[in-house]
Amino acid sequence: RIGKLESRMQMLGDGRTVMEDRIGKLESWAQKRGDGGAAGDDVSDRIGKLETWVKKCGDERAVGGDAADRTGEVKHVRGNQPSIDESVKEVEDRERRKCNIVVFNVLESDSKENEDRKSHDIEEMKKILNELKIDAALLNPVRLGPKKQDQKWPRPLRLTVESEDIKWSILKESKNLKDSGEEALKAVFIKKDMTQLERQREAELRQALKEKREAEQQSGGNARWTIWRGKVVKLKADD
């Protein structure tokens, strides 16, 4: 019985990752809410099913936790499952960020005028897009975080582009910046604008990747590890 409980708790320990997958699927339906009719009904129905699923997981976690308290042999897992309100907010937050990119290591302007700084950031970003051979409108340039004296790196620059397709094109081509003929552009890298949950998940994946690579090195192996579609995976010999 304890073995079954351990297996069940391990499965439930992945609840947040499963929830993230469901949130991702729900996003595509949430985009249709403005269409009304059947699309809106589908979204409401999916949110209702999501709520039932979360409650079920919460109940099962509680049962597993009680068993753990009684036996002292099964780890008690709590606090990782998002509530329905948190899940819906996550969907809405991703929707707001869907056409945003965040650009790192772009030189900042020293101007005291806000409009001058914005114009500078737009012009610097145009240079980057020109290097990538992408033509796109750029909106709402914002530097993230407070500006500090003697900071080593420029603050990240967040911008909005006209569509998700443009965003993904920029992200796909941005890897080529490392081969740029301009030294300043070689240090630039671009990421999508992530929610707090996405940033936390990315940090966990990078930590897991680091541990896999260190373990591989310590064992004397030569396998290569990477992050692929939200998981840490071992690359094949011919990859």
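**View A. Asn140 lies in strand 2, which covers residues 139–143.** Strands here are DSSP runs of E with at least two residues, and helices are runs of H or I with at least four, both numbered from the N terminus. The model shown is predicted: local features need pLDDT of at least 70, side-chain atom pairs count only at pLDDT 80 or more, and totals for chains, interfaces and linings use all residues. Residues are numbered from 1 along each chain as its sequence is written, and side-chain values use heavy atoms, with hydrogens and water left out. Asn140 is not a glycine, yet its phi is positive, near 50 degrees. With a relative accessibility of 52%, Asn140 counts as exposed; the term exposed applies over 50% relative accessible area, buried under 20%, and partly exposed in between, using a 1.4 Å probe and protein chains only.

**View B. Asp150 belongs to the loop that joins strand 2 to strand 3 (157–160).** Its phi is positive as well, at about 60 degrees, although Asp150 is not a glycine. Asp150 is exposed, its relative accessible area being 81%.

**View C. Val161 occupies the loop between strand 3 and helix 6 (164–173).** The relative accessibility of Val161 is 3%, and the residue therefore counts as buried. Apart from neighbours within four places in sequence, Val161 is in contact (heavy atoms within 4.5 Å) with Cys99, Ile101, Ala137, Leu138, Ile166, Lys167 and Ile170. From Val161 to Asn140 the C-alpha distance is 8.9 Å, and the two residues are 21 residues apart in sequence.

**View D. Phe104 and Phe189 form a stacked pair of aromatic rings.** The structure holds 1 aromatic pair. Its ring centres, those of Phe104 and Phe189, are 4.6 Å apart and the planes meet at 5 degrees, so the pair is stacked. Rings of Phe, Tyr and Trp (its six-membered ring) pair if their centres lie within 6.5 Å, and planes under 30 degrees apart count as stacked, over 60 as edge-to-face and the rest as tilted. Because Phe104 is in strand 1 (residues 100–104) and Phe189 in strand 4 (residues 189–192), the pair ties together parts that are 85 residues apart in sequence. Phe104 counts as partly exposed at 21% relative accessibility, and Phe189 counts as partly exposed at 40%.

**View E. Helix 4 (residues 84–97) packs against helix 8.** The axes of the two helices lie 9 Å apart and form an angle of about 90 degrees. These axes are lines fitted to C-alpha atoms, for helices over the stretch in contact, and the angles run from 0 to 180 degrees between N-to-C directions. Helix 4 is thus roughly perpendicular to helix 8; angles of 65 to 115 degrees count as roughly perpendicular, under 35 as roughly parallel, over 145 as roughly antiparallel and the rest as oblique. Glu90, Arg94 and Arg97 of helix 4 make the contact with Leu197, Glu198 and Arg199 of helix 8. By class, this contact has 1 nonpolar, no polar and 5 charged residues. Ala, Val, Leu, Ile, Met, Phe, Trp, Tyr, Cys and Pro count as nonpolar, Asp, Glu, Lys and Arg as charged, and the others, Gly among them, as polar.

**View F. Helix 4 and helix 8 are shown along their lengths, with their buried residues.** Helix 4 has 14 residues and spans 20 Å from its first C-alpha to its last, close to the 20 Å expected at 1.5 Å a residue; the expected span is 1.5 Å times one less than the number of residues. Buried in helix 4 are Ile84, Ser87, Glu90, Val91, Asp93, Arg94 and Arg97. Helix 8 (residues 196–218), with 23 residues, reaches 33 Å between its first and last C-alpha, close to the expected 33 Å. Leu197, Glu198, Arg201, Leu205, Leu209 and Glu216 are buried in helix 8. Gly220, which follows helix 8, has a positive phi near 80 degrees.

**View G. Met194 sits in the loop between strand 4 and helix 8.** Met194 is buried, with a relative accessible area of 12%. Not counting residues up to four places away in sequence, Met194 touches Arg97, Arg199 and Glu202. Met194 and Arg97 are 97 residues apart along the chain, while their C-alpha atoms are separated by 7.2 Å.

View H. Of its 239 residues, 34% count as buried. Among contacts between residues at least 6 apart in sequence, 62% join residues at least 24 apart.
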